[in-house]
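Good morning, and thank you for coming. Please look at the structure on the screen while I go through a few of its parts.

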Amino acid sequence: MTKKIVAIGGGENGRTTFSGIKMPYELREIDTEIIKLTGKEKPNFLFLGHAQNKPEYEELYFTTMKSIYGDMFGCKCETIKRSELGKNHEHIECLVDWADIIYQGGGDTKSMIELWKSTKFNSVLKNAWEMGKVLCGVSAGANCWFKSCSSDSLKILSNDPNASMITVDGLGFVDAFFTPHCNVANESTNRLQHMKDALLNIDMVGIGISNCCAIEIIDDTYRLIRCDASNYGIEAYGIKAYYKNGKYFEEIIDTDSDFKILNKLLTK
């Protein structure tokens, strides 16, 4: 079966904040490609909000994603809640088998991966990937598919915007270090700097993906999908980073629409 991953660096999905502010919808081109990858006009969409640590946040996230994949694109939409993991295995396996798309939302990567491993849901996701389902997601939901990643979980868990970035082990479906929101650089968070620091101790290539950009990985090939990132004052982009002979390198990933050999991207 063809293995498919779409890892989105970041971007707004049209959500309404708890203060009542309606955010823009920035990821149409990426969502359209995710649907196209299923080969179906109206595929089955399974949402995971497992990086959200409060049930009300999880539910609100699902409502937002239903408004996109259900209302806008006509997909049938279901979700598996955090509280269901490790309990009703038959129900979970039925939903995963039913799904054409499995989409993990953003949030706390560290707690999400720990939950998956403790409930063995990581094995369910691996089987889904090997069965050819489209695995995708944004931020934490992009981090998870890689061997290692850059995470702001400490900021989320401590509710401290100045908490340091950390490195978290992912599921390892792609042998690389992933950094979402790589365009973000401010006093408390510099995503690319954290990737540079992390790669000192990790012998692999880093992939940084900006907001409004995704890396689409189909078997042993890849390409970038880009949306309008003018809200961030940039053109959406990806970065390849690595150390070679003690020297650090950063390269812009080619943004043309042709698929390229993944092994070349992951080789120093």
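Predicted model: local features only at pLDDT ≥ 70, side-chain atom pairs only at ≥ 80, totals over all residues.

Which residues are exposed on the other side of helix 3?

Helix 3 runs over residues 89-98, and its buried residues are Ile92, Leu95 and Val96. These three cover an arc of only 100° around the axis, which puts them on the same side of helix 3. The exposed residues on the other side are Glu90 and Asp97.

Let us now turn to a loop residue. Leu85 sits in the loop between strand 3 and helix 3. Is Leu85 buried or exposed? Its relative accessible area is 7%, and a residue counts as buried when that value is under 20%, so Leu85 is buried. Setting aside residues up to four places away in sequence, Leu85 touches His50, Ile80, Ile92, Leu115, Trp116, Thr119 and Phe121. Trp116 deserves a separate word: Leu85 and Trp116 are 31 residues apart in sequence, while their C-alpha atoms are 7.9 Å apart in space.

Trp116 leads us to a pair of helices. Helix 4, residues 109-119, packs against helix 5 at an angle of about 90°, and the two axes are 5 Å apart. Helix 4 and helix 5 are therefore roughly perpendicular to each other. Which residues meet where these helices pack? From helix 4 come Trp116, Lys117 and Thr119, and from helix 5 come Phe121, Asn122 and Leu125. The residues of this contact divide into three nonpolar, two polar and one charged.

Helix 5 also has a buried side. Its buried residues are Phe121, Val124, Leu125, Ala128 and Trp129. Seen down the axis, they fall within an arc of 140°, so they line one face of helix 5. After helix 5 comes Gly132, which has a positive phi, near 95°.

How many residues does the largest nonpolar core have? It has 74, and those with the most contacts inside it are Ile34, Tyr69, Tyr103, Trp116, Phe121, Phe146 and Ile215. Take Ile215 as an example: not counting residues up to four places away in sequence, its contacts include Ile5, Val6, Ala7, Phe146, Phe178 and Leu265. Another core, of 13 residues, lies apart from the largest one; among its residues are Ala198, Tyr237, Tyr243 and Tyr248.

Asp219 is not a glycine, yet it has a positive phi of about 50°. Asp219 lies in the loop between strand 10 (213-218) and strand 11 (221-226), and it counts as partly exposed, at 38% relative accessibility. Asn245 likewise has a positive phi, near 55°, and is a residue other than glycine. Where is Asn245 found? Its place is the loop between strand 12 (238-244) and strand 13 (247-252). With a relative accessible area of 81%, Asn245 is exposed.

Definitions and conventions: Residues numbered from 1 in each chain as written. Heavy atoms only, no water. Buried < 20%, exposed > 50% of the residue type's maximum accessible area, 1.4 Å probe, protein only. Helix = DSSP H or I, 4+ residues; strand = E, 2+ residues; numbered from the N terminus. Arc of directions from axis to C-beta. Contact = heavy atoms within 4.5 Å. Axes fitted to C-alpha atoms, helices over the stretch in contact; angles between N-to-C directions. Parallel < 35°, antiparallel > 145°, perpendicular 65-115°, else oblique. Nonpolar A, V, L, I, M, F, W, Y, C, P; charged D, E, K, R; others polar. Core = buried A, V, L, I, M, F, W, Y, C linked by side-chain atoms within 4.5 Å.
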